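Work through the exercises below with the sequence and the 3D structure at hand. Each task is followed by a solution in steps.

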Amino acid sequence: MSHSGTNFVHLHVHTEYSLAEATCRLENLLQAAKAWNMNSLAITDKGTISGAIRFCEMAERYGIRPIVGCEMTVEGTGETLLLLAVTNRGYEHIVERLNGGAFKPPDAQGDLIALSGGRKGRIHRLIASGEMELAERQALLYADWFGKDHFYLEVYHHGFSGDGALLERTVRLSERTGIPIVATHDVHYLVPEDAPLLHVLGQDKNAPPPAAGPFYLPSPQQMRDKFRHLPEALENTVRIAERCRFRPERGTYRLPRFSMTEEEREGGLNSDERLLTLCRKGLMTRYEDPKNRTILDRMNKELELIRNRGLSDYFLIVWDIVQAARNLGIPIGPGRGSAAGSLVAFLLGITEVDPLIHGLSFERFLSPDRPDLPDIDLDVCHRRRQELLQYVKDKYGSDSFAHIGVLNTYGTRGAVREAGMYLGMPKKQIDVIAKLMPAFSGQGAIRHCLENLPELQKPLFRQDPFRSMFQLAERIEGLPHTHSAHPSGILLGDERLSRTIPLQTRVNGEPMTPFTKEDIKALGLLKIDLLGLRNLTVIHDTLAAIRSRAGQRLEVNRIPLDDADTFHAICSGNTLGCFQLESMGIRHLMRSMQPHNVGELADLLALYRPGAWGEGIVETYLRRRRGEETYRIPWPELQRILAPTYGLILYQEQVMAIAHEAAGYSMGEADSLRRALSGKSVEALTHHQEKFVRGAAGKGIVEKEALALFDLLARFAGYSFNKAHSVSYAYLSYWTVYLKTHFPKEYMASLVSEGEGYYDKSVYLREIAKMGLSLLGPDINRSGFGFRAEDNGIRVGMEGIHGSGLESVKALLSARSQGGDFHTFTDFVNRMKPYRITRPVFEAWIASGACDRLWGNRRQMLEALSEKPEESLDALLPSTLPDFTEQEKRKLEKSLLGFSLQPAQSTAKWQKFMQSFNVIPIESLSGCRDSTRVRVCGTIIHSRRLPAKGGGYVLSLVVQDQTDMIEAVMYPDTYKAFLYELNPRGILIEGIVRTQEGKMQVVTHKIKALGG
């Protein structure tokens, strides 16, 4: 490669952000530019600038001047111009045009540089057709729009037969008009061999793809060779690059103003004063002693930083959203992320976690040494999230609101599907292969799967069409394919929003930006996460059921945090269906750890992460907690910080507190240290190590001890967790366990009404039976929407019957509300006639058992449906027609409900099978000693692959029978040997029991598929 690229700059480059029209990955583009010693590079994606912010940040790291531009369509003609942002106002011009503004001359010349659009530009099409007079007129018009020294005619040669003549005519046009020329190459992929990928991404099967193409990224030397006869065209690329000064504005916030009441405005109250007033009110409601000096000092310190950073409006806006949710009765979580470290957020009611009680750091949330906007994330009831979004839009205006974007890229499965479709492989075959792949994303994952996954080691996958499919899939893996809305992120901006970010319209009509949350952060815009959380909906429905059934008004913030029965359930691992406490691993850890307060529950959540397990921190914590391992904290000043976690650093807040106490760091500086330790930057670590040692010396700690302490921080920083988040979620976890323990029917009914959670619904239905609760069938006189708690058990909802339909259930409830219960089959059918309920719906209701309380059996009622409607159906019920057998009912219920309500009875055949093969119930494993050889069978309800230390993968299965569930571990050799015995309908496992740290597993030696 040549290393003299400073006298040419690429100005017409399409990147991966042009989606199916280009494949140039930003990283690869910048690496090529750096290798060629280019000091500038432009990106000009078609109709979008969604990659602009990321490109600018990446280019800065490579030491390359970024030029932001866009290939824009002119007046819907399909013809294009290239616009390059010279200034920030030029960037805004581009954004305004992308957001639907008419393509018109800029307000003032000098903010934009325009290029003539290359092959698709109007001027070049006119030249190609020989209409030189019209081409000249169009060129002079653009020159008049943008200014003669801000409009350039592109000259290019892609190797097509007419390119030479077109180039000559363009040069003559330049000479006649005085409009300068600039050398460009229309780049859509990095190397010629990538040309076929555009056919794959566009699913273009009309013609065979070329082996190579002309729209690659040529080197500066290739461009100089091509245009050596036009040196001014090459020189102009450099001149243009030097004039393009646009950079995203950093360190400035673009926040909307909080909307004051008319009374507040007339009183001259500003945002800072309004925030202070609300905090003082919060002191009165949150604390018995609102004048406590510690509390006041912390509040005033936080408010000072908030005011200095101009963030009062931010806090007021979030407070307003939370208040609106409460006024509308929409459940809000106790806190999420680092915001729970803010006393101001607690006083405003944004969070329900007292940071003073739990030792949470405000600077972890908002640091004077960190210029970024802080994140206040809110968990809300997922069912009513849209109501809250509507409130935000109505309050702050739809022009100031948008959903944040997500760039969807081809992961392993998506890339395989796309490649398989292009090759014309059968859809069913593609789906089978895609489902074998883990849901990885990014380049290299498919290659890793091909080399390591047992499922893909068959010789068949080394032959076509599979070989070609995987080769194609590897090349498009990691490329973007669509933009979509972030599941929780929204942004609020000021009146400049429509010229700050590009906007699109979602299918539901709501505005969305293709910019990601990282882009929004870089631009200083207000991002709020409103995450719809299923568990909050479950809690809300449970509390509503308690009020309805028992007349008890229970609120979560009134739930006692020291309830003995709740902690007994936690310590027993009886937390299936409870927030964050469902997996077998965490339930085993609970049994080993035996947490007895919310703080220890927070420790549990912080410990249950791969990093802590991998470093042996979990085992050390448990040994020390049980008194099996002694430890010493050699620094007395750190006793208070480390004693609660047995000398271990679990939390990021502990890292900061140690730096503050031992080395005299301010808490803001300590947060910088935390980020440096997590980022592993050698330069930053060296700086902080020297600073830490100096600070520690001032505290009387000698250099050797200071270095040892710094090394301890460096070791644990990568695995330490955000305590504010852990404590917040510990509250939420505790509330769900409390409700399950004290109101089991109401809680489990609400849980299964929400459908699948961590496990399939069938697991939760089995848990209901294990809890001794009866599952009652659907009933046209008792069922409504969703599962409901009754005195005798939990009643199945009508909408859960397959084929029932939302409108049919509404009609049933309406008829019941107007006329009371249905007393006879005739009464039922006749009263439902006005609602035009179809025969299939009636049949589904009858066959599922929803009409069992009426006269007659299911078969009789189905038969009577075909009789004349004017006659009494009850009289026509054939009394001699026998009902369905229990086995037939079980089959009908499984098809209509997804499960059967008939009593489970082990057949003689099944009993014989268990005895013949010495199969034992899973619940019996608790009485087995370590290393006991056992056989169990059941269905696979959960599985995951884990990398093995010696290479390959371990497969972890959660297997459930009628009595309990167990984790079955398949090590790599077993995984490979018995891979094709993993029948989802059922498996027979032979292995040994392994018990460690209270965690029981079956180490699998053999597997046999059951159920065909």
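Predicted model: local features only at pLDDT ≥ 70, side-chain atom pairs only at ≥ 80, totals over all residues.

**Exercise 1.** Find how many positive and negative side chains the protein has, and how far apart the centres of the two sets lie.

**Exercise 2.** Decide whether the radius of gyration of the protein agrees with that of a compact globule or departs from it.

Solution. Start from the chain length of 1012 residues, for which a compact globule would have a radius of gyration near 31 Å. The protein has 34 Å, so the value agrees. For the overall extent, the C-alpha trace spans about 100 × 85 × 70 Å along its principal axes. Buried residues make up 55% of the 1012 residues.

**Exercise 3.** Determine which residues of helix H37 are buried, and how they are placed around the axis.

Solution. Within residues 825-832, the buried ones are Phe825, Thr826, Phe828, Val829 and Met832. These residues cover an arc of only 160° around the axis, which puts them on the same side of H37. The general rule is that an α-helix has 3.6 residues a turn, so residues three or four places apart point the same way.

**Exercise 4.** Classify Ala522 as buried or exposed, and list what it touches beyond four places in sequence.

Solution. Locate Ala522 in helix H21, residues 517-522. Its relative accessibility is 14%, and the cut-off for buried is under 20%, so Ala522 counts as buried. Leaving out residues up to four places away in sequence, Ala522 touches Ile53, Glu57, Glu249 and Arg250.

Note on methods:
Residues numbered from 1 in each chain as written. Heavy atoms only, no water. Rg over C-alpha atoms; globule rule 2.2 N^0.38 Å. Buried < 20%, exposed > 50% of the residue type's maximum accessible area, 1.4 Å probe, protein only. Lys, Arg positive; Asp, Glu negative; His and termini not counted. Charge placed at Lys NZ, Arg CZ, Asp CG, Glu CD. Helix = DSSP H or I, 4+ residues; strand = E, 2+ residues; numbered from the N terminus. Arc of directions from axis to C-beta. Contact = heavy atoms within 4.5 Å.
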